[in-house]
Number of protein chains: 4
Amino acid sequence: MSSVVPLWRRAVAEAVGTGLLVTVVVGSGIAASALSPDDVGLQLLENAFATALGLAVLILMLGPVSGAHFNPVVSAVDWWLGRRAGAGLTLRELAAYIPAQISGAIVGAVLANLMYAKAAVSWATTDRSTGPLWLGEVVATAGLVVLIFALASSGRAALAPVAVGAYIGSAYWFTSSTSFANPAVSIGRAFSDTFAGIAPGSLPGFIIAQLIGAVVGVGLLAVLYPEAARAADEIVIPTSGVAK
Amino acid sequence: MSSVVPLWRRAVAEAVGTGLLVTVVVGSGIAASALSPDDVGLQLLENAFATALGLAVLILMLGPVSGAHFNPVVSAVDWWLGRRAGAGLTLRELAAYIPAQISGAIVGAVLANLMYAKAAVSWATTDRSTGPLWLGEVVATAGLVVLIFALASSGRAALAPVAVGAYIGSAYWFTSSTSFANPAVSIGRAFSDTFAGIAPGSLPGFIIAQLIGAVVGVGLLAVLYPEAARAADEIVIPTSGVAK
Amino acid sequence: MSSVVPLWRRAVAEAVGTGLLVTVVVGSGIAASALSPDDVGLQLLENAFATALGLAVLILMLGPVSGAHFNPVVSAVDWWLGRRAGAGLTLRELAAYIPAQISGAIVGAVLANLMYAKAAVSWATTDRSTGPLWLGEVVATAGLVVLIFALASSGRAALAPVAVGAYIGSAYWFTSSTSFANPAVSIGRAFSDTFAGIAPGSLPGFIIAQLIGAVVGVGLLAVLYPEAARAADEIVIPTSGVAK
Amino acid sequence: MSSVVPLWRRAVAEAVGTGLLVTVVVGSGIAASALSPDDVGLQLLENAFATALGLAVLILMLGPVSGAHFNPVVSAVDWWLGRRAGAGLTLRELAAYIPAQISGAIVGAVLANLMYAKAAVSWATTDRSTGPLWLGEVVATAGLVVLIFALASSGRAALAPVAVGAYIGSAYWFTSSTSFANPAVSIGRAFSDTFAGIAPGSLPGFIIAQLIGAVVGVGLLAVLYPEAARAADEIVIPTSGVAK
């Protein structure tokens, strides 16, 4: 089923939103590590503060246009859950969303680099590839998927901006991986060798863990919210009820 | 009186929610103490930031399924207040909720340990057994009970996620005990010898103080909200009005 | 005009609420200065974090009972603005609210002292008596008065809990006096010689500045919200529209 | 089209609101740098915490009177977008808003200086004039414009106080310029040689970058929210739907 907003406009919104999300994550990470050089925890607190607020704002800003997924996992789960009920994204829409998210994410990292007077691209060198970190990504992504579709399923999609922002702000701390939970953002973060970066070689492990997390999340939804599939449409334009 | 959600599903929600709450508390405590080694206050601020946001999100996530108690004291008060009006949990439901909460809490601590590459279980060694700390738990638990049932009693149960998250974030600071205020979470925290841990030997004192706090809270409610008993049902499915 | 809640119950709510507010302010101040000994700014951030969240929660908790003034200045302005329209507190109600607030505040300080294993009472020795600090209190109190009655005047009293909590969290920082803005809380804070304390000798200057701030606030309201007087009733039971 | 509030009253509200916004920014900056001398990042976190909360509160406080623009760029975009539909500010109103904002901003800086026992005026000496900083201002201002008009355009102007506060709190971190994003506030900040100051010589570059950002924001709106022009009226009195 489709939103009334033309697909090209929605793809632009996904690119802009995912891009600015990466700008927020990478940019605030650069500022934090430069300004608080003596305490990595304080850097992460600053990074989490900026990301929680920024992500909530971006979802508010673009939700009525595209649903503000900014995340291939969310888009894919939306398609998967809604595929039988004719709700959620279609495969064609999914094929527009994901490339928009990934290309937006890369541009967002470049923008952050440029604002901070760095080379447009520097490949990240932070290795993130251990079992506990992958477990962190599984937990982070499963929780995110359950949260979004639980809200939609219970008619509270209008709370998603604040809830998702708060979730990520918390998950930066309670998961060992600092909760990337998003393949597009993970790819974008490989383009900046700064606080929030991830070495390209660590990407496959992270993305596989995120996909496993998505499956775990879908499984939990089947137990907790058996009606979630019918609500997949809410995720396409989650704030439309409010916006209209 | 019963919710329309089958009891087994609600018990799963209580286990998952209490478990993830302990994962948030313990996991963010591990990260905070590792990343901000020089300032215990900063560690507690990071821990409180993550817990306030995470708890609010978990209540949003699971409220429509089980009421999102995640706390034997809340479940017990709900049964107690509603027992005459036929509102609130029944004894049978209470007997399903409490074991689910406790077992979930333990698994949640194990999950945090594993995400941070620690032994699955390490008994906490932090002694927490002095009179002032017990007074802190009495205050923390009484305030929590008054808050939850005040909101239900005044038709504002939909605000519980944010209000309870904010309350705990504040009570981490204003009570000397850092506000456990929850027997199940207290037990879970004994399974991780890290920042948020509590030595098993300190558990009885804390749990007794929490029960006394619950009694104090019920007494305050009798003065402030004499109609609270009739609202006990709201606590079973506090967001149902919103959720549909 | 009167609320339907009996006056004695409302006075209890004002005492409990003002008391717990002082417990939050003093208790989190004790914790902050003990745990973050090396950075006063970090202490104030921790104190502001706990106070902003705690104050919002207390207003949510007790608003439907008494209006959750917790502040003689707010009660007095409510009486003053509503005195002709027959809205707001009556003089008799005002005479019950103010002593309840002050005695609650003192007990709240004692409770914080006891939770932190200190003497029940220790007179504060922090001198706060300079012109710039008094100017800070004028600004802080004027802003608080404008905020509360602006919300009531525009039918948004239900936002007061979050707005007042956020205001005080910000005013801790932007006023030089750290924004006491409340005669009852100021008196309570004289009973604890800790981070948030104020020497008894500094009280008269602070309270006079707060009263001047209230007058400035009423003047600003006359310009900005000429209809504010008619809304004085909203402040007696500001969340009743929601609660009912 | 005009609000029912007389223009002089609205101009007062814009002056008071912009002034207090500068007081918040400058005052909390002074406190932060004095109290946390060893970590500039912590200073910025304290400054961002106070500004995010304070800005949200000021918009809540004055939105029903003037729309709470507090920013010549917002007022100008409102006039521009609505000029054909007869929505938004008229040119005459714009000519009242902008001087009120600028003069308020200057008085607000003086007030902060006086509260902190400093000279009423001290010209800032912090040079802020490099390409990356200008890029930061372009991004910050474009995002602000898109956010405000996206909310209005989708019938969610009542969320603007929280959303705009959160946006600025995040943008302090993710833009290299710490997100002034406001010509009037930029001018005010030149009057205090403290943490938040900007050398007068750096003003032209910042203001030009902000204007470019406004144009970029209008361009993005044309793509994302083609109906935004019709919603320009919402920005004049954005919370009237609620307030009424």
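This is a predicted model: local features need pLDDT of at least 70, side-chain atom pairs count only at pLDDT 80 or more; totals for chains, interfaces and linings use all residues.
Residues are numbered from 1 along each chain as its sequence is written, and chains are lettered from A and ligands numbered from 1 in the order in which they are written.

Chain A contains nine helices and zero strands (DSSP runs numbered from the N terminus, H or I of at least four residues for helices and E of at least two for strands). From the N terminus, its elements read α-α-α-α-α-α-α-α-α. The C-alpha atoms of chain A occupy a box of roughly 50 × 35 × 30 Å along the principal axes. Of the 244 residues in chain A, 71% are buried (20 or more other C-beta atoms within 10 Å of the residue's own, with C-beta atoms placed from the backbone; 12 or fewer is exposed, and in between is partly exposed). Among contacts in chain A between residues at least 6 apart in sequence, 81% link residues at least 24 apart (C-beta atoms, placed from the backbone, within 7 Å).

Helix α2 (residues 40-66) and helix α6 (residues 160-174) of chain A pack at about 160°, with axes 8 Å apart (lines fitted to C-alpha atoms, for helices over the stretch in contact; angles run from 0 to 180 degrees between N-to-C directions). That angle makes α2(A) roughly antiparallel to α6(A) (over 145 degrees; under 35 is roughly parallel, 65 to 115 roughly perpendicular and the rest oblique). On α2(A), the contributors include Leu44(A), Ala48(A), Ala52(A), Leu55(A), Ile59(A) and Gly63(A). On α6(A), they include Pro161(A), Val164(A), Gly165(A), Ile168(A), Tyr172(A) and Trp173(A). The contact has 16 nonpolar, five polar and no charged residues (nonpolar: Ala, Val, Leu, Ile, Met, Phe, Trp, Tyr, Cys and Pro; charged: Asp, Glu, Lys and Arg; polar: the others, Gly among them).

In chain B, helix α5 (residues 131-153) packs on helix α6 (residues 160-174) at about 165°, with axes 10 Å apart. The two helices are therefore roughly antiparallel. Their crossing is right-handed. Ala140(B), Gly143(B), Leu144(B), Leu147(B), Ile148(B) and Leu151(B) of α5(B) meet Ala160(B), Ala163(B), Val164(B), Tyr167(B) and Ala171(B) of α6(B). This contact comprises 10 nonpolar, one polar and no charged residues.

Between chains A and B, the contact takes 31 residues from chain A and 33 residues from chain B. On the chain A side, α2, α5 (131-153), α6 and α8 (203-224) each supply at least two residues. The largest share, nine residues, comes from α5(A). By class, this side has 20 nonpolar, nine polar and two charged residues.

The contact of chain C with chain B takes 33 residues from chain C and 31 residues from chain B. On the chain C side, α1 (7-35), α2 (40-66), α4 (91-115) and α10 (240-243) give two or more residues each. Helix α2(C) gives the most, with 12 residues. This side divides into 24 nonpolar, five polar and four charged residues.

How values were computed: Two residues are in contact if their C-beta atoms, placed from the backbone, lie within 7 Å. A crossing is left-handed if the near helix is turned anticlockwise from the far one by less than a right angle, and right-handed if clockwise.
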